[in-house]
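Dear colleague,

I am handing over the structure below, together with notes on what was found in it.

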Amino acid sequence: MLRFAAVRGGLGLLAVRRASRLSRSSHSGVQTEYKPIKKVMVANRGEIAIRVFRACTEMGIRTVAVYSEQDTGQMHRQKADEAYLIGRGLPPVAAYLHIPDIIKVAKENGVDAIHPGYGFLSERADFAQACADAGVRFVGPTPDTVRKMGDKVEARSLANSAGVPVVPGTDAPISCLQDAQAFAQTYGFPIIFKAAYGGGGRGMRVVREYEELEENYQRAYSEALTAFGNGALFVEKFIEKPRHIEVQILGDKYGNVIHLYERDCSIQRRHQKVVEIAPGFQLDPHLRDRLHSDAVNLAKQVGYENAGTVEFLVDKHGKHYFIEVNSRLQVEHTVTEEITDKPFVLQVFRSGEGMGIRLDSASAFQGAIISPHYDSLLVKVIASGKDLNTAASKMSRALAEFRVRGVKTNIPFLQNVLSNNQFLHSTVDTQFIDENPELFNLKPTQNRAQKLLHYLGHVMVNGPTTPIPVKAKPSSIDPVVPHVGMGDPPVGFRDVLLRDGPEGFAKAVRAHQGLLLMDTTFRDAHQSLLATRVRTHDLKKISPFVSHSFSNLFSLENWGGATFDVAMRFLSECPWKRLQELRALIPNVPFQMLLRGANAVGYTNYPDNAVFKFCEVAKENGMDIFRVFDSLNYLPNMLLGMEAAGAAGGVVEAAISYTGDVSDPMRQKYSLDYYVNLADELVKAGTHILCIKDMAGLLKPTSSQLLIGALRDRFPDVPIHVHSHDTAGAGVAAMLACAEAGADVVDVAVDSMAGMTSQPSMGAIVACTKGTKYDTGIALEKVFDYSEYWEVTRGLYAPFDCTATMKSGNADVYENEIPGGQYTNLHFQAHSMGLGNKFKEVKKAYAEANKLLGDLIKVTPSSKIVGDLAQFMVQNSLTRQEVEERADELSFPQSVVEFLQGHVGIPHGGFPEPFRSKVELERGKTLHIKALALGDLNKNGQREVFFEMNGQLRSVLVKDTVAMKEMKFHPKAQKSIKGQVGAPMPGKVLEVKVKTGSKVEKGQPLCVLSAMKMETVVNSPMAGTIKAIHVSPDASLEGDDLILEIEE
């Protein structure tokens, strides 16, 4: 519920003084000696209780709250100095209507006065009298006044005596349905039932036809009984399309009564006030004077004390009718406080939500449970301005700033009201909402953050929603480690490194006769084929064999790159411990790692000192050779990594990432001159070894000879190392061509871990070079033993093996240029998403995305950027031309936006234009989310998942799908199944009006639900026979819970 005030006005000195002391007055018929109030109880809950507590605290008065069993977690308990349970074992509303418990708590705890708030017992004369009998002050009118004004029939009689016009109605509460029928026969329809001892729209029903009379009488009686403890009703003639105007009054015990102007509360839904305007908009001055005068006269007639409200209806002819007096504080009193500058509960909390905005909160806080048993008010919003349009504009702005998640609110509806032309520029009546159905065309909220939290919470509780697309299970066969000889392993190239240092090591490599090999089996091979999932355990088992059998390897690539990410996220291993343990087992073969320049082993730029310290610690723990690269060949990033590796005492191997085709004269962006010139800069910077990093396996034999031949001619003394992948199947031929052109080292993987998107076969290279000047010096028999171990070991990782979805390499890599490891991942993802048959489209989109981004060098993280854009294009069915044309309106993946912002570096040739200029580079909606904890399982089968989002604590409730299989829950109505009737809202079943087998007509009442003290009749959506009933009286339902089933 939200309110707003239109104009701020003034209040005379007399009213100021009275307003400041009325709520402290003692109300009894006998003059008593003044006694200060030291402790106040509020016999209420929610916003009004908090409002009174704040006022009392500022006055130095101690406060006491009472609460039902259902309200143990509500805010009003926490705002009081003391809080006590009432109505143990009673229904939710009945607890706050239990006078004996409330009086008992007051007497036992030294309470001086009780404030009733609004609703519940606030208009019950017997409660006011019980307070007086107990010697506790009742903050409100005298018991006699409450009785007279609370009895709407007697109030009508008093109005007649005071000369105030009233709507035709019954002289006393009706006792039965027949009385209502008699009244309708006399005055005709429409008529309205009203609760005789309460307001707020409860117990109120409009009846327009005779057929509706009985059902509405029962609903009004039941609502009044539940809300006020008395179901008595009276009947009035219903006035069509009136304005609803209420006048605020204040009276003291000396017979003085003043008015504090009026409020227009005509905008209502189901007799519930939605918007309040003070003072009334476009109200005739003479009518305003009559309303004020009649309100004051009526109050004087009964000797009214304290704050109250006199309510009137104004028909289309400008004639006004008295309808009732609310002898209590009202929800909407805050609006009058704004235009008079004087509070009725003294000073209340004012939230700093901008000029002219006041918030009075009720139960709106993170994690609050909104009970269906009480008024669902979250917060009252009061806006004030110099005129209606100004106040409406401020209100609209304030509503737009609200972020309420987990429950639906009326904010979108209120925003429609505030922008409605009739509301802003004309008069409105109580039919305004009914006559403007467009108000319910609600603009859906994006709710991006909450949706993201729910998704993340679901993954945390129930695991990934995307299942592994294969049924493969790990092999049950344990690998057998080949025989290892006794004694220390033979001397290897690491001994040269330790003896002669990096420069001497580089000279030894260059002077070596024959082709040297680097084995990638320990890292890049299983990254490409097994998603980097190989455990340290399996690497350690084969390490002694490698140390004894392959001592003449140039190096073993076993660390860096994705090792850190996977070890910590998936394997629950320490990557540093892996390095230490492998070093102890293989002391003679140099270790090589992949260092992503300024990114180290991460995916973003790190501070320089962090990169330097990382390299220092890596060297201390056993790393020897640092292969430094940058995903865009961005020289400043590479130089930082090279300097850090050199400072740590490691061998610096600067790697140039290769793309394109130097043998194709039509592709000149990455020409032979480009690579030679870049190599020149790296050699000048002091690299010990020069590397060509061919991530996608694009080097063909001809281009290998051209590129390596040119580098060898330019740098005759620098060792050259070539890394490639075998995706197209030409890897062995390309590596042999590199050797012939002058390469000193090429990369291989053991046979059972080679081929496809991995490196070329070790056995094939060894066999092809045997007996030539490129002989590797490696025994082929040892390669067979090594391969056999990995063939069996690979079976342990069957669920992650790329061969589950990918049966061979593909020469189309020469067109799409997808790096080996990413090729495998994209293929796997496509199958996981049910797009296995569209992988060809994904690859084509990758090539198109690469062109959109300006033809990039593609290696982590630049390859991920291209892949993200490719998948974005496939998911949204976008062509390259459409992306270029709509670049200014599309929401691109964050990685693409950050690349175009320059976060990754500057690509060769610059950023693509005009594409880059069209993309919105700063969207301003970054969410920083950190998962904190999972809660215990609750009775509804949910777990609360806690996050920190943008520095604030947030939580979501997520259903535990596994636990729910063991629990029983009420079935939900399926909208797709005709005849299933679900609960329109959470609530309690009051009455089931049909039986299984009953014949029903469309629109016939089926059952009655009670929620928030209002009753709702659920009608049949179709004609048919009741097939099954799933509820019984007193059952508590959630929204969409299945009530019954109907069959035609």
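**Surface patch and model basis**

On the surface, L452, Y455 and L927 form a nonpolar patch with about 250 Å² of accessible area together (areas by the Shrake-Rupley method with a 1.4 Å probe, where for residues only the protein chains shown count as cover; patches take residues with over 30% relative accessible area and no salt bridge, joining like charges within 9 Å and nonpolar side chains, that is Val, Leu, Ile, Met, Phe, Trp and Tyr, within 5 Å). Please keep in mind that this is a predicted model, in which local features need pLDDT of at least 70 and side-chain atom pairs count only at pLDDT 80 or more, while totals for chains, interfaces and linings use all residues. Residues are numbered from 1 along each chain as its sequence is written, and side-chain values use heavy atoms, with hydrogens and water left out.

Y455 lies in helix α16 (residues 448-462) (helices are DSSP runs of H or I with at least four residues, strands are runs of E with at least two, and both are numbered from the N terminus). With a relative accessible area of 44%, Y455 is partly exposed (buried means under 20%, exposed over 50%, and partly exposed in between, with a 1.4 Å probe and protein chains only).

**Helix α21**

In helix α21 (residues 575-585), the residues P575, R578, L579, L582 and R583 are buried. They cover an arc of only 125 degrees around the axis, and therefore lie on the same side of α21 (the arc is that of the directions from the helix axis to the C-beta atoms). The buried residues of α21 pack against α17 (493-511), α19 (536-549), β17 (555-560), α20 (563-569), β18 (591-595) and α22 (608-620), where contact means heavy atoms within 4.5 Å.

**Salt bridges**

The count comes to 52 salt bridges (a side-chain nitrogen of Lys or Arg within 4 Å of a carboxyl oxygen of Asp or Glu). One of them joins the side chains of E246 and R263 (2.9 Å, N to O); E246 lies in strand β9 (residues 243-251) and R263 in strand β10 (residues 257-269), so the pair ties together parts that are 17 residues apart in sequence. E246 counts as buried at 0% relative accessibility, and R263 likewise counts as buried at 0%.

The side chains of R499 and D500 also meet in a salt bridge (3.1 Å, N to O), but here R499 is exposed at 59% relative accessibility and D500 is partly exposed at 37%.

Kind regards
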